[in-house]
Amino acid sequence: MFSATVKEKPDKALLSVQLVDAVASAFNQICVHLSEPLYDMVLNMVFDYASSNVRSNAVRAIHQLVECVANANPEKTLARFVPFCDRNIRTELEHGASSLRVTSTSSTPLPSDATLHWSKLSYAV
């Protein structure tokens, strides 16, 4: 019984990764073909979500969404995200984020480290 539970976890994780990749791929195609007003609305929606939420288990997914809007219009995306991410990264570092080394894969990241990581990946467009 224990071995069946251990075997299911990698399958679920792989399925989750594949689902996020499929959604990102579809979203990328949508972003590229949006009219200017619709693109602005989508950019605002992605920015509003990324700037008001931090979820350590969704860093990769939000990075892919930001990457999709950046592929469609890099100038507008960078104009929205760079100042916000720069400010957040500096604030988190000033307040001790990433000052405690954590090397265990099973440990939960500190809230400040999660925010730092969230901002870094949004900034890495």
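User: What am I looking at, and which cut-offs apply to the model?
Analyst: It is a predicted model: local features need pLDDT of at least 70, side-chain atom pairs count only at pLDDT 80 or more, and totals for chains, interfaces and linings use all residues. Residues are numbered from 1 along each chain as its sequence is written, and side-chain values use heavy atoms, with hydrogens and water left out.

User: How many helices and strands are in the protein chain?
Analyst: Five helices and zero strands. The order from the N terminus is α-α-α-α-α. Helices (H or I, at least four residues) and strands (E, at least two) are DSSP runs, numbered from the N terminus.

User: What share of the residues is buried?
Analyst: Buried residues make up 29% of the 125 residues in the protein chain. Buried means under 20% relative accessible area, exposed over 50%, partly exposed in between (1.4 Å probe, protein chains only).

User: And what share of the contacts comes from residues 24 or more positions apart?
Analyst: 74% of the contacts in the protein chain with a separation of 6 or more. Contact means heavy atoms within 4.5 Å.

User: Helix packing next. At what angle do H2 and H3 pack?
Analyst: About 150°, with their axes 10 Å apart. That makes H2 roughly antiparallel to H3. Axes are lines fitted to C-alpha atoms, for helices over the stretch in contact, and angles run from 0 to 180 degrees between N-to-C directions. Under 35 degrees counts as roughly parallel, over 145 as roughly antiparallel, 65 to 115 as roughly perpendicular and the rest as oblique.

User: Is the crossing of H2 and H3 left-handed or right-handed?
Analyst: Left-handed. The term applies if the near helix is turned anticlockwise from the far one by less than a right angle; clockwise is right-handed.

User: Which residues make the contact?
Analyst: H2 brings Tyr-39, Val-42, Leu-43, Val-46, Tyr-49 and Ala-50. H3 brings Ile-62, Leu-65, Val-66, Val-69 and Ala-72. By class, the contact of H2 with H3 has eleven nonpolar, no polar and no charged residues. Ala, Val, Leu, Ile, Met, Phe, Trp, Tyr, Cys and Pro count as nonpolar, Asp, Glu, Lys and Arg as charged, and the others, Gly among them, as polar.

User: How do H3 and H4 pack?
Analyst: H3 (residues 59-72) and H4 (residues 74-94) pack at about 135°, with their axes 5 Å apart. That makes H3 oblique to H4. Val-66, Val-69, Ala-70, Asn-71 and Ala-72 of H3 make the contact with Pro-74, Thr-77 and Phe-81 of H4. The classes in that contact are six nonpolar, two polar and no charged residues.

User: Switching to charges. How many salt bridges does the structure hold?
Analyst: Four. A salt bridge is a side-chain nitrogen of Lys or Arg within 4 Å of a carboxyl oxygen of Asp or Glu.

User: Which residues are linked in a network?
Analyst: Glu-36, Asp-40 and Lys-76. Glu-36 bridges to Lys-76, with the closest N and O atoms 2.3 Å apart. This pair links distant parts of the chain, Glu-36 in helix H2 (residues 36-52) and Lys-76 in helix H4, 40 residues apart. Asp-40 also bridges to Lys-76, with the closest N and O atoms 2.6 Å apart. Asp-40 lies in H2 and Lys-76 in H4, so this pair ties together parts that are 36 residues apart in sequence.

User: What about Asp-86 and Arg-90?
Analyst: Their side chains meet in a salt bridge, 3.1 Å from N to O. They are four residues apart in helix H4, so about one helical turn separates them. Asp-86 is partly exposed, with a relative accessible area of 26%.

User: Last topic, helix H1. Is Asn-28 buried or exposed?
Analyst: Asn-28 lies in helix H1 (residues 2-32). Asn-28 is buried, at 18% relative accessible area.

User: What is Asn-28 in contact with?
Analyst: Cys-68 and Asn-71, leaving aside neighbours within four places in sequence. The C-alpha atoms of Asn-28 and Ala-70 are separated by 9.3 Å, and the two residues are 42 apart along the chain.

User: And Ser-25, how far from Gln-64?
Analyst: 8.9 Å, C-alpha to C-alpha, and 39 residues apart in sequence. Ser-25 is also found in H1. Ser-25 counts as partly exposed at 45% relative accessibility.
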